Amino acid sequence: MRFDIITIFPEMLGGVFDFGIVRRAVESGLIEISVHDLRDYTFDRHRQVDDRPFGGGAGMILKPEPLVRAIEAIAGGPGEASTVLLSPQGRLFGQRMAEEFSRKARLVLICGRYEGVDERVIEHWIDDEVSIGDYVLSGGEIPAMVVVDAVTRLIPGALGCDESALRESFSDGLLDYPHYTRPAEYRGMKVPDVLLSGNHAEIDAWRRGRSIQKTERCRPDLIEGVNRSEDDGENQNSDL
Ligand code: 4FV
């Protein structure tokens, strides 16, 4: 999979992908990441990328010309790459959307800055507007990092372990169950016996139960979508 990122601060993305799973995915050729400076698509001596808003108002707007030149040069022909503008007006990013994006060959991520982008660019050159949450950041660079990281993890081979065994938060719409590692007793606090029992059926039931419990308590909005089986309720209170 190939990620192209268009930004007025390319150095902000320098280094962030040089660690862990994303780095390994780049080194193993699973993904390519290319960062582009929007100013490289300006021809005026001031390399201007923004201008004042028609109709007045505070702040500046990203101009159409540099953006369209960059998108047309980078995204190639129609349909070759999905163009995604990171902005608070977008669809809310989540694990489902990450899965959707992980099935694409190419993503061109456009990082907004200032008050936003000229609407004609959004209408005619943007396939998807995506928001990482209902808060206002100073730029789309951090959201672009979030998307690259979350999507890369879902590319087969990226996690470098038997992914089918790996159960991740939200993979079944539930929050994750509690995790424990050695020592089995720490400052008098014991690891739940069921996890030391070796009885994997019981361990799985306990984990699912705790996931449901945690989701009901912390994210009841998620519980609606979860299909519950009859024995989801019991043996939760063991080892609480
Ligand atoms: C944002 C978000 C976000 C808004 C103005 C950049 C900033 C500036 N992007 N999810 N939340 N973008 O706040 O994606 O252009």
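Which side chain meets Glu99 in a salt bridge? That would be Arg96, at 3.2 Å from N to O. A salt bridge here is a side-chain nitrogen of Lys or Arg within 4 Å of a carboxyl oxygen of Asp or Glu.

Some ground rules. This is a predicted model, where local features need pLDDT of at least 70, side-chain atom pairs count only at pLDDT 80 or more, and totals for chains, interfaces and linings use all residues. Residues are numbered from 1 along each chain as its sequence is written, and side-chain values use heavy atoms, with hydrogens and water left out.

**Salt bridges**

Back to that pair: Glu99 and Arg96 both sit in helix α3, 3 residues apart, or about one turn of the helix. Helices (H or I, at least four residues) and strands (E, at least two) are DSSP runs, numbered from the N terminus. The count of salt bridges comes to 13, and these are among them:

| Pair | Closest N to O |
|---|---|
| Arg47 – Asp40 | 2.7 Å |
| Asp118 – Arg120 | 2.7 Å |

For accessibility, buried means under 20% relative accessible area, exposed over 50%, and partly exposed in between (1.4 Å probe, protein chains only). Arg47 is partly exposed at 34%, and Asp40 is partly exposed at 47%. Elsewhere, Arg2, Asp4, Glu32 and Arg106 are linked in a salt-bridge network.

**Helix α5**

Helix α5 covers residues 141–152 and reaches 16 Å from first C-alpha to last, close to the 16 Å expected (1.5 Å times one less than its number of residues). Of its 12 residues, 9 are buried, so α5 is largely enclosed by the rest of the structure. The buried ones include Met145, Val147, Val148 and Val151. Their cover includes β1 (2–7), α1 (20–27), β2 (32–37), β5 (82–92), α3 (95–102) and β6 (106–111).

**The largest pocket**

On a 1 Å grid over the protein atoms alone, a pocket is an open set of points where a 1.4 Å probe fits, with protein on both sides within 12 Å along at least five of seven lines; lining residues have an atom within 4 Å of a point. The largest pocket is lined by 25 residues, with Leu86, Ser87, Pro88, Gln89 and Gly116 nearest its centre. Two or more lining residues come from each of β5, α4 (119–125) and β7 (128–131), and β5 gives the largest share, 5 residues.

How values were computed. Contact = heavy atoms within 4.5 Å.
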